[in-house]
Amino acid sequence: MAKAMVHWNGHMVCAIDTETTGLDPNWHEIIQLCILPLDSDFTPRRDIVPFSIMLKPDHPERADTKAMEVNRLTFAKIGLEGHDRENAKDLLLHWISKLGLPFTEWGNRKKIIPLGQNYAFDLGFIKAWLGIEFYEQNFHYHYKDTMIAANYLNDRAAMHGEVVPYSKIKLSWLASKLNIEHSRTHDALADCLITAEVYKKICMAGLLG
């Protein structure tokens, strides 16, 4: 566990990203998900394999054409490599059980603290898939977000009469601004790696600012 981050209180920070069939979690579905465990310096942990999976949609007919163009996934590929959505829940629960998260004195296991780029978007889809009870048992309600962090630094700079550091706050722009390789955006694992590195550099910028 990341001992340097005492305020994590035994929970584990993981970068999380989804690719979906559209923008509405009440209509569209997750088709790709990655959960990437991070160490105390926000680098990927080498001792834990990330949870990276494709999910077969129950309603492929609802897919938005533009969303599928963005994520570059095809239903042929998803059909071959994707998992049944209920089976994928079991795989996720098994993966979480292998993380070695400590238990509280009341016997409750510590949770995953999500780190995302605009995680509120992913959150709606993840809860729609897993259900609220499953989600709340395994994921912390506090989450970290590169977009929120960048907006804070922009506000901080403006309040001090300085030029805002991030004129745009989408992931590819933040990565470009911070000199992070980002040629494979809109792939869940690649976006998790980029998100973690962006957040790390934003934290460092905040300390140095």
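Modeller: The sheet comes first. Five strands form an open sheet with mixed pairing, in the order β3-β2-β1-β4-β5. Its edge strands, β3 (51-54) and β5 (144-145), each pair on one side only. Helix α4 (residues 119-130) packs on this sheet and touches β1, β2, β4 and β5. The direction of α4 makes about 80 degrees with that of β1. Axes here are lines fitted to C-alpha atoms, for helices over the stretch in contact, with angles from 0 to 180 degrees between N-to-C directions. Contact means heavy atoms within 4.5 Å. Helices (H or I, at least four residues) and strands (E, at least two) are DSSP runs, numbered from the N terminus.

This is a predicted model: local features need pLDDT of at least 70, side-chain atom pairs count only at pLDDT 80 or more, and totals for chains, interfaces and linings use all residues. Residues are numbered from 1 along each chain as its sequence is written, and side-chain values use heavy atoms, leaving out hydrogens and water.

Now β1 itself. Strands pair if DSSP finds at least two bridges between them. With β2 (residues 30-37), β1 runs antiparallel, joined by seven bridges. Asp 17 stands opposite Cys 34 in β2, and Thr 18 has Leu 33 as its bridge partner there. With β4 (residues 112-116), β1 pairs in the parallel sense over four bridges. Val 13 faces Ile 113 in that strand.

Next, burial. In β1 (residues 12-20), nine of nine residues are buried, that is, under 20% relative accessible area with a 1.4 Å probe, protein chains only. Met 12, Cys 14, Ile 16, Thr 18 and Thr 20 point one way. Val 13, Ala 15, Asp 17 and Glu 19 point the other way.

Notes: Buried < 20%, exposed > 50% of the residue type's maximum accessible area, 1.4 Å probe, protein only.
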